[in-house]
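Subject: Structure handover

Hello,

Here is the structure we talked about. Please open it alongside these notes.

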Amino acid sequence: MIGRFSNIGVYKELFTAKELGVCLGGGLLALGSFFWGWADLPPAWVGALLALASVAINGFPIIKEAVQGLRERQVNVDELVSLAIVASLLQGEFLTAAVVSFIMTLGSLIEEAISESARRSIQALARMTPDEATLLSDAGEKVVPVSEVRIDDRLLIKPGDRVPVDGVILSGVSAVDESTITGEPLPRTRKEGDQVLAGTLNYNGVLEIRATRVGDDTALGK
């Protein structure tokens, strides 16, 4: 369960997900168990029952996935957490087992939400790179796949185009939106001799650039 998800999109909508509600429900049972014992309410077994119910909700899935992981010879944090839960239960520390189960399950859900957000951001950046580039040669202009662009190739960047590779401007002046790379909210004027980065947006001028870094070596690729 923890760190072992086949579908990275499962927790895209974490805070409306059923899993979070179930996890919080188990946490409330653990909280009820704590207050029952703290107030020393009779009968004492009710507090223990609340804690065991919490473990059943949040702890059992972890233990189940740990067993499955061992069968598949995949060991991760599931197994370590399961040992802590089982050890607490054997020692009669039902509330401790419930708290461990709740914290680890909630942490797993939050981790997946953050990881998914980061994945979406990376995918969005990857889509910033155009698939084609306008290559300049003695024979004129030629549209080629970006993968065929090599260092020192001359490229033409028209208004509204995204820069396909990192390069140096050979001629032309234009406002370039670099917010995807630098976070700078306003376009910056770029002219001959200035550097432009892959994934940035050329606003209003025609630029001729010389490729200096391509593919994974570009700032966007890195």
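One cut-off first: a residue counts as exposed when its relative accessible area is over 50%, and as buried when that area is under 20%. Arg-73 has a relative accessible area of 79%, so Arg-73 is exposed. Please keep in mind that this is a predicted model.

Arg-73 has a backbone feature too. Its phi is positive, about 60°, although Arg-73 is not a glycine. The residue sits in the loop between H2 and helix H3 (77-90).

Asp-152 is another non-glycine residue with a positive phi, here about 80°. Look for Asp-152 in the loop between S2 and S3. Its relative accessibility is 47%, so Asp-152 counts as partly exposed.

Now the helices.

Helix H1 covers residues 18-38 and includes Trp-38. Trp-38 is exposed, at 66% relative accessible area. Trp-38 also belongs to a nonpolar surface patch, together with Leu-28, Leu-31, Phe-34 and Phe-35. The accessible area of the patch is about 590 Å² in total. As background, an α-helix has 3.6 residues a turn, so residues three or four places apart point the same way.

Between H1 and H2 there is a loop, and Pro-43 lies in it. The peptide bond between Pro-42 and Pro-43 is cis, with omega about -15°.

Helix H2 runs over residues 45-71. H2 bends by about 45° at Gly-59. A proline, Pro-61, follows within four residues. Gly-59 is also buried. Other buried residues of H2 include Val-46, Ala-51, Val-55, Ile-62 and Ala-66.

A hairpin of 2 residues connects S1 to S2. S1 and S2 are antiparallel and share 6 bridges. Within that pair, Thr-134 has Val-143 in S2 as its bridge partner.

Further along this sheet, strand S3 (residues 154-157) pairs with strand S9 (residues 207-213). The pairing is antiparallel, over 4 bridges. Ile-157 is bridged to Leu-207 in S9.

Ile-157 and Leu-207 turn up again in the largest nonpolar core, which has 16 residues. They are among the members that touch the most others, along with Val-149, Leu-155, Val-165 and Ile-209. Strand S1 (132-137), S3 and S9 each give two or more residues to this core. S9 supplies the largest share, 3 residues.

An open sheet of 3 strands is also present, in the order S6-S5-S8, with antiparallel pairing. Strand S6 (188-190) and strand S8 (201-202) are at the edges with a single partner strand each, so one side of each has no neighbour in the sheet. Strand S5 (residues 174-177) and S6 are antiparallel over 3 bridges. There, Val-176 has Arg-188 in S6 as its bridge partner.

For a quick tour, begin with the cis peptide bond at Pro-42 and Pro-43. Go on to the bend at Gly-59. Finish at the Ile-157 and Leu-207 bridge.

Best wishes

Note on methods. Residues are numbered from 1 along each chain as its sequence is written. This is a predicted model: local features need pLDDT of at least 70, side-chain atom pairs count only at pLDDT 80 or more; totals for chains, interfaces and linings use all residues. Side-chain values use heavy atoms; hydrogens and water are left out. Patches are made of residues with over 30% relative accessible area and no salt bridge: like charges are joined within 9 Å, nonpolar side chains (Val, Leu, Ile, Met, Phe, Trp, Tyr) within 5 Å. Accessible areas come from the Shrake-Rupley method with a 1.4 Å probe; for residues, only the protein chains shown count as cover. A salt bridge is a side-chain nitrogen of Lys or Arg within 4 Å of a carboxyl oxygen of Asp or Glu. Buried means under 20% relative accessible area, exposed over 50%, partly exposed in between (1.4 Å probe, protein chains only). The bend at a residue is the angle between axes fitted to the seven residues ending there and the seven starting there. Two strands pair if DSSP finds at least two bridges between them. A nonpolar core is a set of buried Ala, Val, Leu, Ile, Met, Phe, Trp, Tyr and Cys residues joined through side-chain atoms within 4.5 Å.
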